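Student: Could we go through this structure together? I would like to start with the overall picture and then look at some details.

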Amino acid sequence: MKRIICLLLLSIPALWSAAATPYDFRGSAAYAQLSATDRQRLEQVRRDQLLLWGALDLYADEHNGALPKSLDQLVPRYLAELPTDPFATPQTESGQTSGGYTGSKGGLGYRYQAGAPGNRAWIIASVGLPDFPYLAERGNVGLYICKGTWISGFNPIVGPAFKAQGGGGKENPAARP
């Protein structure tokens, strides 16, 4: 019995370490299966999302926490131009946005959804790789980044109900039930 308890106590730090390690999409099996070109495009999505995140924060800072109705309002004051989604295609260009999202750059940019008025929350979503496990090892699929607290509900682009954690200026991996 003492041996079992000792082994259990020795394994606890390893379990804590594994639980504290954030998920990195670059270590996923899905990432390994992408072509080199798609990996580069995915890295561009990541950079673009962080750029848009910063521009949205600046906009909110200068507008008493209010968010723009569309990403187009970030140009030219916060960005010289909106980035083009590298996964956008002629089909996404002509496709309608749904689930409360607004498109940008005539369907060739990123999709955006602002949170409720007074809530500094948003989602920036790519139009491509809808089954890629970008933010978490399980659940959370698609190339999106979110900030703030969201009310549970179904979102056709992001997926099933979720509530993002916090929002204090860092990426939130949208905890799902």
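Student: What percentage of the residues of the protein chain count as buried?

Tutor: This is a predicted model. Of its 177 residues, 39% count as buried.

Student: And which elements does the chain have, from the N terminus on?

Tutor: The protein chain has four helices and three strands. Their order is α-α-α-α-β-β-β.

Student: New topic: how many aromatic pairs are found in the whole structure?

Tutor: The search finds four aromatic pairs. One of them joins Phe-25 and Phe-132, with ring centres 6.3 Å apart. Their planes stand at 75°, and a pair counts as edge-to-face when that angle is over 60 degrees, so this pair is edge-to-face.

Student: Where in the chain are those two residues?

Tutor: Phe-25 lies in the loop between α1 and α2, while Phe-132 lies in the loop between β2 and β3. The two are 107 residues apart, and the pair thus links distant parts of the chain.

Student: Is Phe-25 buried or exposed? What about Phe-132?

Tutor: Phe-25 is buried, with a relative accessible area of 4%. Phe-132 also counts as buried, at 5%.

Student: Which residues form a cluster with them?

Tutor: Tyr-31 forms one aromatic cluster with Phe-25 and Phe-132.

Student: What sits over the ring of Tyr-31?

Tutor: The charged end of Arg-39 does, 5.2 Å from the ring centre.

Terms used: Residues are numbered from 1 along each chain as its sequence is written. This is a predicted model: local features need pLDDT of at least 70, side-chain atom pairs count only at pLDDT 80 or more; totals for chains, interfaces and linings use all residues. Side-chain values use heavy atoms; hydrogens and water are left out. Buried means under 20% relative accessible area, exposed over 50%, partly exposed in between (1.4 Å probe, protein chains only). Rings of Phe, Tyr and Trp (its six-membered ring) pair if their centres lie within 6.5 Å; planes under 30 degrees apart count as stacked, over 60 as edge-to-face and the rest as tilted. A charge sits over a ring if NZ of Lys or CZ of Arg is within 6 Å of the ring centre and within 35 degrees of the ring normal.
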